[in-house]
Amino acid sequence: MVRMVRMSVLGLTCMLGLLFVPPRSCLGETLTTSQQRDTVAQTTRQQSRIEVKRLVAMKRLGIPNQQEIMYPDGAPPSKAEVELGKALFFEQKLSGNQHQSCATCHNPTQGFSDGRPKSIGDRGNTTARNAPPLYNLAWNRALFWDGRQENLDTMALEAIKSPDEMNLPMATMVERLKAIPSYAVAFKQLYPNGLVAENVGKAIGAFERSLITQNSAFDRYLRGDDAALNDKALRGLMLFVGKANCIACHDGANFTDESFHNIGLQTDDLGRGKFEQGAHFRYAFKTPGLRNVALTGPYMHDGSLNTLRDVVQFYNQGGQRQEGIDMLMKPLHLTAEEVDELLAFMESLTAPITVLPPTMHVAAKESPQGKAVTLSGEFHFIILPPEVGLVYISEDQGLTQALSIDQQGKEFMHWTQHGEKSLSKIIAGSPGETMTFQNSTSIGHNIYANDTHLRVQFDLGLMPPGSDIVKTYPITWQTGEVLRIGCKIHPGMRLYIASLASKYYKEIEFNGAPAMSFNFEALPAQLTKLAVWLPEYDPIEIVIHPGEEQEVALKKAGKLQGILTLKRQ
């Protein structure tokens with residue numbers, strides 16, 4: 001279409017040139033390249049506006065309308081119910097091990113997903129599917145990748161009691177929550193039958209319905225702000241509704257047809273086919289909405305596509321496996337420039353949601369039974385917490401620990417010389433000791449680090465899948481410093497490696513929870529210096545003696561972010 005416009009403008013100019021010679025004050029006798037480009041851009045903008053107006057009228061595109069939300073009780077929930085649901089969303093007592101919450105897999109800081117191809121369940125297991133984001137679910141009629149739920153109020157309860165996810169029986173959940181006075185009071189005030197499992201689901205559902213995004217650059221464009229989308233994004237929009245035909249499935253205000261499609265992924269997961277008869281339901285999964293899609297990778301039901309560019313290239317080639325593939329799946333023949341333009345449009349659908357921590361009590365984890373706690377601490381953040389943290393006794397020098405690091409899918413897997421195995425995102429090794437890297441998984445990796453502050457740079461190169469290649473690197477950065485490593489092939493992979501001499505330390509993953517506790521058992525009385533590391537936060541070192549209690553401000557660039565309360569017995 002662009003070429004046709006350009007030729008018609010030039011053709012018209014040539015024809016008029018036979019009859020009229022422009023004055024010398026004009027920039028040349030024909031349109032300059034810049035003028036041609038501006039004319040084409042203006043024509044594209046005019047055509048885009050006309051086409052968008054037509055599609056909005058047909059409800060193929062639009063801004064989410066909160067008047068169309070079908071609330072279970074016929075009216076929006078109260079602020080108190082939403083706030084209770086938010087507290088429960090971050091509540092770690094809703095998992096069997098009391099270490100996980102809904103926010104663990106649906107982290108507000110990671111697009112209400114968790115950045116993993118597949119999530120980690122309560123038992124340390126890998127879940128069957130990728131954690132889908134939660135944006136604008138208030139309008140959804142089909143929930144989960146296979147559409148097996150239709151009600152947000154029951155969706156959360158299914159995840160809580162699932163052995164593969166949060167692994168907590170409903171009776172145990174209710175018992176735990178009743179033991180916390182603030183929950184007992186809140187449920188009594190909001191629901192006639194008080195604290196029962198059904199009402200836990202209602203409260204979480206009320207919070208999840210409040211997660212609405214509707215002020216992206218594209219929304220502003222729909223409201224009449226022509227400058228909200230640049231020329232590249234506009235060309236991407238025209239591809240979205242035209243040549244690429246994304247709108248065939250990703251339509252409406254939330255860019256989903258609420259249907260199920262087999263798009264040709266290599267998978268053994270039947271998807272909707274587990275619940276519906278018919279060959280077209282086999283390997284078919286729900287069309288995800290695209291709002292904030294740039295924030296929610298990895299993508300697809302199995303997390304097999306790491307970046308949004310990977311997704312576009314997948315569709316560009318017309319899928320992978322052809323068995324039962326949807327008739328809409330065909331090669332798109334997009335050029336590299338058109339792929340970039342389509343990505344620019346999808347990025348214009350971004351409007352992040354900031355979720356502040358709950359105002360009511362969120363219970364912290366209990367200490368292991370049977371162990372005497374001599375130092376306990378609890379973080380309380382007034383903003384979203386960092387991804388990880390580290391607490392350690394800085395004056396101890398008793399740790400000698402090398403590290404062995406492997407990969408499991410698109411995750412770092414590691415264990416110490418004592419045989420402790422973990423998928424956590426932060427680990428500790430001793431200064432001067434060696435990190436050993438290998439790759440026993442089924443996909444290739446290229447591990448690297450580039451930290452100018454710590455003066456650590458290395459690139460281990462390609463490590464093919466399942467190879468016997470072993471590479472090493474020493475822990476050279478100073479005690480108390482933390483290095484972040486990643487993978488050039490899979491950008492979502494990351495691991496924080498602390499250099500520690502102390503055997504008294506706690507590695508912490510906050511997983512979006514605004515409250516988190518830690519305990520040191522049998523800590524020698526003479527060890528009194530506690531250090532705290534949080535990424536990008538001001539450094540902290542505290543002296544706390546037996547019998548003391550302290551409150552410590554958590555700051556970033558001098559600004560208060562939260563409080564750490566400490567108690568020493």
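1. In this note a residue is called buried when its relative accessible area is under 20%, exposed when that area is over 50%, and partly exposed in between (1.4 Å probe, protein chains only). F345 has 0% relative accessibility and therefore counts as buried. F218 likewise counts as buried, because its relative accessibility is 0%.

2. On the basis of the note: the model is predicted, so that local features need pLDDT of at least 70 and side-chain atom pairs count only at pLDDT 80 or more, while totals for chains, interfaces and linings use all residues. Numbering starts from 1 along each chain as its sequence is written, and side-chain values use heavy atoms, with hydrogens and water left out.

3. The nonpolar cores come next. A core of this kind is a set of buried Ala, Val, Leu, Ile, Met, Phe, Trp, Tyr and Cys residues joined through side-chain atoms within 4.5 Å. The largest one has 41 residues, and F218, L237, F240 and L342 have the most contacts inside it. At least two residues of this core come from each of α2 (33–57), α9 (217–222), α10 (231–241), α11 (308–316) and α12 (336–347); helices (H or I, at least four residues) and strands (E, at least two) are DSSP runs, numbered from the N terminus. Another core, of 40 residues, lies apart from it and includes V82, L134, L152 and F207.

4. With neighbours within four places in sequence left aside, F218 is in contact (heavy atoms within 4.5 Å) with L61, L229, L237, F255, F345, S348 and L349.

5. Aromatic pairs are counted for rings of Phe, Tyr and Trp (its six-membered ring) whose centres lie within 6.5 Å; planes under 30 degrees apart are stacked, those over 60 are edge-to-face, and the rest are tilted. The count by this rule is 19 pairs. The pair of F218 and F345 is edge-to-face, because the ring centres are 5.4 Å apart and the planes stand at 90 degrees. This pair links distant parts of the chain, with F218 in helix α9 and F345 in helix α12, 127 residues apart. A single aromatic cluster is formed by F379, F381, F510, F518, F520 and Y537.

6. The charged end of R49 sits over the ring of Y221, 4.1 Å from its centre. For R321, the charged end sits over the ring of Y283, 4.1 Å from the centre of that ring.

7. Helix α12 also holds E341. With 7% relative accessibility, E341 counts as buried. Its contacts, apart from neighbours within four places in sequence, are K232, R235, G236 and L239. In α11, the residues L308, V311, V312, F314 and N316 are buried, and α12 is included in what covers the buried residues of α11. G318 follows α11 and has a positive phi, near 85 degrees.

8. An open sheet of five strands has the order β8-β14-β13-β10-β11, with mixed pairing; two strands pair if DSSP finds at least two bridges between them. At the edges stand β8 (426–429) and β11 (456–463), each with a single partner strand, so one side of each is left without a neighbour in the sheet. From one strand to the next the twist averages 25 degrees, where axes are lines fitted to C-alpha atoms, for helices over the stretch in contact, and angles run from 0 to 180 degrees between N-to-C directions. β8 and β14 (residues 494–499) run parallel and are joined by four bridges, with A428 bridged to A498 in β14.

9. Within that sheet, β10 (residues 445–451) is largely enclosed by the rest of the structure, because five of its seven residues are buried. Six bridges pair β10 with β11 in the antiparallel sense, and A449 stands opposite F458 in β11. The two strands form a hairpin with four residues between them, and R455 in the turn has a positive phi of about 60 degrees. β10 also runs antiparallel to β13 (residues 482–487), joined by two bridges; I447 has C487 as its bridge partner in β13.

10. A four-stranded open sheet has the order β15-β4-β17-β18, and its pairing is antiparallel. β15 (505–509) and β18 (540–543) stand at its edges with a single partner strand each, so one side of each is left without a neighbour in the sheet. The twist here averages 15 degrees from one strand to the next. β4 (residues 388–393) pairs with β15 over five bridges in the antiparallel sense, and Y392 stands opposite Y505 in β15.

Conventions
A charge sits over a ring if NZ of Lys or CZ of Arg is within 6 Å of the ring centre and within 35 degrees of the ring normal.
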